[in-house]
Amino acid sequence: GELPDWEELRSAGSAIKEQVMANLPHLLEEFERNLTARGGTVHWARDAEEANRIVTELVQATGSTDVIKIKSMATQEIGLEAHLEEHGITATETDLAELIVQLGHDKPSHILVPAIHKNRHEIRDIFLAEMAETDETLTSEPRDLAEAARTHLREKFLSTSVAVSGANFGVA
């Protein structure tokens, strides 16, 4: 009811997506030129194996063995976290649901709500077992669980110098 023209908006979005996909090679090259002109570096990968190798080498070049990983379907699809782990690099998820799944040594159960299969009591147990700074007074209340995660992540943010993220949109 808030958007009476939602069907037109969806159609317009679909048309833009089709146009972008039809021109993707050109747009990617334009994106690279513009990003490079502004001081960025683009790395091209033919497949997941090559992408994982490139990211791992970039992290290793910093001397860091820890990275912050911002929620990214691309990094999940290529198995980046497992690849980094094989090379002695620990990736910490920053999305709350992804963090719950990671700390629970589990797999996401839903693309939008990865930890929907865990109730708040199970999450409390995971936090107590996996987050050293969490004590037994932690309750199963969502506000307390979120605060425990924030405290845990705040320390990671302050002590980790490398972050990895995907991008939903790149403007050429």
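I started at E50: setting aside neighbours within four places in sequence, I found E50 in contact (heavy atoms within 4.5 Å) with W44 and A45. The model is predicted, so I note that local features need pLDDT of at least 70, side-chain atom pairs count only at pLDDT 80 or more, and totals for chains, interfaces and linings use all residues. Residues are numbered from 1 along each chain as its sequence is written, and side-chain values use heavy atoms, with hydrogens and water left out.

I placed E50 in helix α3, residues 48-62. Helices here are DSSP runs of H or I with at least four residues, strands are runs of E with at least two, and both are numbered from the N terminus. I then looked up the exposure of E50. E50 is buried, because its relative accessible area is 14% (buried is under 20%, exposed over 50%, partly exposed in between, with a 1.4 Å probe and protein chains only).

Next, the sheet. I found three strands in an open sheet, ordered β2-β1-β3, with parallel pairing. β2 and β3 are the edge strands, each pairing on one side only. Pairing requires at least two DSSP bridges between two strands. β1 (residues 66-69) runs parallel to β2 (residues 90-93), and four bridges join them. I noted K69 with its bridge partner E93 in β2. On to β3, residues 163-164: two bridges pair this strand with β1, again in the parallel sense. There I68 stands opposite A163.

Last, a helix pair. I took α6 (residues 96-103) and α7 (residues 120-130), which pack at about 65 degrees with axes 9 Å apart. The axes are lines fitted to C-alpha atoms over the stretch in contact, and angles run from 0 to 180 degrees between N-to-C directions. α6 and α7 are therefore roughly perpendicular (65 to 115 degrees; under 35 is roughly parallel, over 145 roughly antiparallel, the rest oblique). I listed the contact residues: L96, I100 and L103 from α6, and I123, I126, F127 and E130 from α7. By class, I logged six nonpolar, no polar and one charged. Nonpolar covers Ala, Val, Leu, Ile, Met, Phe, Trp, Tyr, Cys and Pro; charged covers Asp, Glu, Lys and Arg; the others, Gly among them, are polar.
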